[in-house]
Amino acid sequence: MCSGTIHTGLLVVSYATYLLLGVIGFWALEKNAEKEQKMAVIQMKEAFLQNFTHLTVADVEQFVKNLTNAVQRGIYPIGNDSQTEVSNWDLSNSFFFVGAVVSTIGYGTMCPKTAAGQIFCVFFASFGIPFNIVFLHRVSKMLSLLCERLGRWLYEKGMKKKKIKFLTLLFFLVMGILVFLCLPSFVFQVAEGWSYSEGVYFAFITLSTIGFGDYVVGKQPDRNYPSYYRSLVAIWIIFGLAWIALLFNLLTTLLEDTEKKITQDLHKMRKAGKDNEENQKKYQPAGFVSAEEPSLLGSGGDAQKTVSLATHLGDAKQGETIFSL
């Protein structure tokens, strides 16, 4: 028990340290380059505002293209140059990014632009993704122990195993929905201005690692977010992934058990049908003669024909019994 606790503690510390190294690396490699890109976009906007009456159609098309590229890079040219101080690569946003990398969500709205940052991302993800899987496996194992304790307690109360499995799944489903879907969706509704259904949609798409990128937290330029907001979201993602992985595992087990039960029932039905056919053949009356065959007894029922029947059946005693009848 003590060694397991120490192992878990070392894993948590190592995992947190690795994420922190990633945060510092991306912050150092991308922050200055992003600031230069923001300055260039702001200058482009100012030039457009000063000369928009003299612009040609080609100039406007080029401006729209540059503006689109800036938004795709996470740069929103709204407001004045003071917004250059607000970085997508500060510690909180960088932590959110490394969480999205190791969890393989990949929203696509934030990514490194420098060559050094891209190479660093390749190596960081190569080791970070397996590290994240190990960490999630440990967290899921801890949740599974809670599940087993709950099942053991219900079993001691005299409950059947099938019912225990159902109630355990129901418990984790309800508690997980409340903690990782319902409550965070309310927070997103307040912080992001989304509807509650949009918050639920974003939460599930994120935790299932689908990550469309159509909804991402902390990206609306007209809202002021706390500095720790995206870091808390990253922590929610990590533990939410462990919960949904356990839930999918339980659902998979339940579906596999159901499929096995259906297969066994079908096998028993086929076997019962074959046994029934064999029994009908085995216990068919010996004196039964089909209508197409001539009667061996004849209309008079004389003894000689009856003996012939016994000979035909290969049992003289049976022939005598039939005769006596």
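**Questions on a helical chain**

Me: Why is T209 called partly exposed?

Reply: In this predicted model, T209 has a relative accessible area of 29%. Since buried means under 20% and exposed means over 50%, a value of 29% falls in between, and T209 is therefore partly exposed. T209 sits in the loop between α6 (196-207) and α7, and its phi is positive, about 60 degrees, although T209 is not a glycine.

Me: What makes K261 and D265 a salt bridge?

Reply: The closest N and O atoms of the two residues are 3.0 Å apart, and the rule asks for a side-chain nitrogen of Lys or Arg within 4 Å of a carboxyl oxygen of Asp or Glu, so the pair qualifies. Side chains of opposite charge can pair when their charged atoms come close. Both residues lie in helix α7 (residues 229-282), four residues apart, which is about one turn of the helix. By this rule the count comes to one salt bridge.

Me: Why do K261 and D265 count as partly exposed?

Reply: K261 has a relative accessible area of 38% and D265 one of 28%; buried would require under 20% and exposed over 50%, so K261 and D265 are each partly exposed.

Me: How do you know that the span of helix α2 agrees with what it should be?

Reply: Helix α2 (residues 57-72) has 16 residues, and at 1.5 Å a residue these should span 22 Å, while the end C-alpha atoms are 23 Å apart, so the two values agree. After α2 comes G74, with a positive phi near 85 degrees.

Me: What does the span of α1 come to, and what is expected?

Reply: Helix α1 (residues 2-51), with 50 residues, reaches 72 Å from its first C-alpha to its last, close to the 74 Å expected. Along the way α1 bends by about 35 degrees at E30.

Me: Why can M175, which is partly exposed, be part of a nonpolar surface patch?

Reply: A patch residue needs over 30% relative accessible area, and M175 has 38%, so M175 passes that cut-off. M175 lies in helix α5 (residues 161-192), and the patch of about 670 Å² is made by F166, L170, F171, L173, V174, M175, L178 and V179.

Me: Which residues of α5 are buried, and where is its kink centred?

Reply: The buried residues of α5 include I164, T168, L169, F172, G176, F180 and P184. The kink, of about 35 degrees, is centred on L178, a residue of the nonpolar patch. α5 reaches 44 Å from its first C-alpha to its last, close to the expected 46 Å, and is followed by G193, whose phi is positive, near 80 degrees.

Me: How many helices and strands does the chain have, and what share of its residues is buried?

Reply: The chain has nine helices and zero strands, and buried residues make up 30% of its 325 residues.

Technical notes. Residues are numbered from 1 along each chain as its sequence is written. This is a predicted model: local features need pLDDT of at least 70, side-chain atom pairs count only at pLDDT 80 or more; totals for chains, interfaces and linings use all residues. Side-chain values use heavy atoms; hydrogens and water are left out. Helices (H or I, at least four residues) and strands (E, at least two) are DSSP runs, numbered from the N terminus. The expected span of a helix is 1.5 Å times one less than its number of residues. The bend at a residue is the angle between axes fitted to the seven residues ending there and the seven starting there. Buried means under 20% relative accessible area, exposed over 50%, partly exposed in between (1.4 Å probe, protein chains only). Patches are made of residues with over 30% relative accessible area and no salt bridge: like charges are joined within 9 Å, nonpolar side chains (Val, Leu, Ile, Met, Phe, Trp, Tyr) within 5 Å. Accessible areas come from the Shrake-Rupley method with a 1.4 Å probe; for residues, only the protein chains shown count as cover.
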